[in-house]
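Biologist: I would like to learn how to read a model like this one. Could you walk me through it?

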Amino acid sequence: MAVICKLLKFTNRCESLKKSVLFNGNSSLRRYCTFVQEPRSKRFKGIVKFSLVGAALGTAVGVIYSTQKINKARDNLALEGTQVERKILLEKPPISASRSIISPVDSTNLDLTLYQYQSCPFCCKVRALLDYYGVSYDIVEVNPVFRTEAKWSSYKKVPILLAKVNGGYQPLNDSSMIISLLASYFYDSTNKIEELIKFYPSIALHDDKGKFQNEIVNKYFLMYQNSIPKEMTMNDIVEERKWRKWADDVLVHTLSPNAYRTLDESYRSFEKFSKVGNWEEYFPFWQRWVMINVGAVAMWWLGDRLRRKYQLKEDVRQSLYDEVTYWLRGIKARGGPFMGGQNPDLSDLSVYGILNSIEGLEAFNDTLANTKLSTWYYAMKEKVESHSGNHLINS
Ligand SMILES: N[C@@H](CCC(=O)N[C@@H](CS)C(=O)NCC(=O)O)C(=O)O
């Protein structure tokens, strides 16, 4: 009998069976079934209690979570559009330069230090500009894993250009802003760097995904103040800006998936970066080991995610060739040999800098072999390395 009721306990048929048992008047079975019924009601109470406590806890957690979210959204909303403060450093950070680039034609009296990774495309853009205009500067090679040399800055990226100004040192962040600001200065150096920077406020904004980011306003704009260069039309200025933005928004994103296409290629790229960036000279062996091994694996892993994020083709080389060809067609449409006409403009320098960052890698050699890049690229190299923009500086 007990066995029967135990079985009943585990079936939903207990109630109906119990009814039929009662109907048949079997008293001992009735007793067992009553026993089955009591713990069920207790259990039911327990479940109700448990559910109520669970629901209360869930509600409390939900309320705390959403209140925090609402408060954060409110803070962000309050911060949206506010200007991020830029401080001048009273002293130069006590880090010695890795090397100095001395230009024999420099007459600017600028005192500049570039905190960089040698093979970072954004750093290469800034170097292309400084070299083309023939400006001397110091370089501090930053360790990309430990970043010890740039710890003095709250900005978490490179390049950072530190410019000596009245009253201290002004850190300049973001390659495109640095290029616009310096080009404005080269055009008319009566505008001081500490004044020009005020035209490029850093503003707190939400990106497409609702993430909070600092955005530098006007970073593709030159501050011509009263007049535009006589050799440039308004259309030239708009085109230059358009291509500079394309270089940052499109071209640069084709590089990583190509340089780190497979794990082997990623290792070979890092070995090359180590050579080009003189890592042997600047960093101890163990740091170099970490930089190469962690870097190669991490960037290979990231490369494919970036390929999908920026919607590159499965054959990533083809996407790189397509963008390079798009750029070369743009030059042809403008009459060449450079996008800027007879001489490079800032978009030429930006695209050159970006492609220069992969010079010597397999991706670069393949691009030379599969596109018509080499004529423009080596003409640019000659212009940059001979400081041919130096005469354009108005000091
Ligand atoms: N918009 C910035 C982007 C700079 C950037 O993303 N730099 C990378 C290196 S290529 C960086 O510093 N990433 C952070 C890191 O490596 O810690 C610019 O144009 O300067």
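Biologist: Which residues of α5 are buried?

Modeller: A residue is buried if 20 or more other C-beta atoms, placed from the backbone, lie within 10 Å of its own. In α5, that holds for Ser-175, Ser-176, Met-177, Ile-178, Ile-179, Ser-180, Leu-181, Leu-182, Ala-183, Ser-184, Tyr-185 and Phe-186. With 12 of its 13 residues buried, α5 is therefore largely enclosed by the rest of the structure. Across the protein, 32% of the 395 residues count as buried.

Biologist: What should I keep in mind about the source?

Modeller: This is a predicted model: local features need pLDDT of at least 70, side-chain atom pairs count only at pLDDT 80 or more, and totals for chains, interfaces and linings use all residues. Residues are numbered from 1 along each chain as its sequence is written.

Biologist: In what order do the strands of the open sheet run?

Modeller: Strands of a sheet pair through backbone hydrogen bonds, either parallel or antiparallel. Strands are DSSP runs (E, at least two residues), and two of them pair if DSSP finds at least two bridges between them. Here 5 strands form the open sheet, in the order β1-β3-β2-β4-β5, with mixed pairing. β1 (99–101) and β5 (168–173) stand at the edges with a single partner strand each, so one side of each has no neighbour in the sheet.

Biologist: How many bridges join β2 and β3?

Modeller: β2 (residues 112–116) and β3 (residues 137–141) pair in the parallel sense over 4 bridges. For example, Tyr-115 has Val-140 in β3 as its bridge partner.
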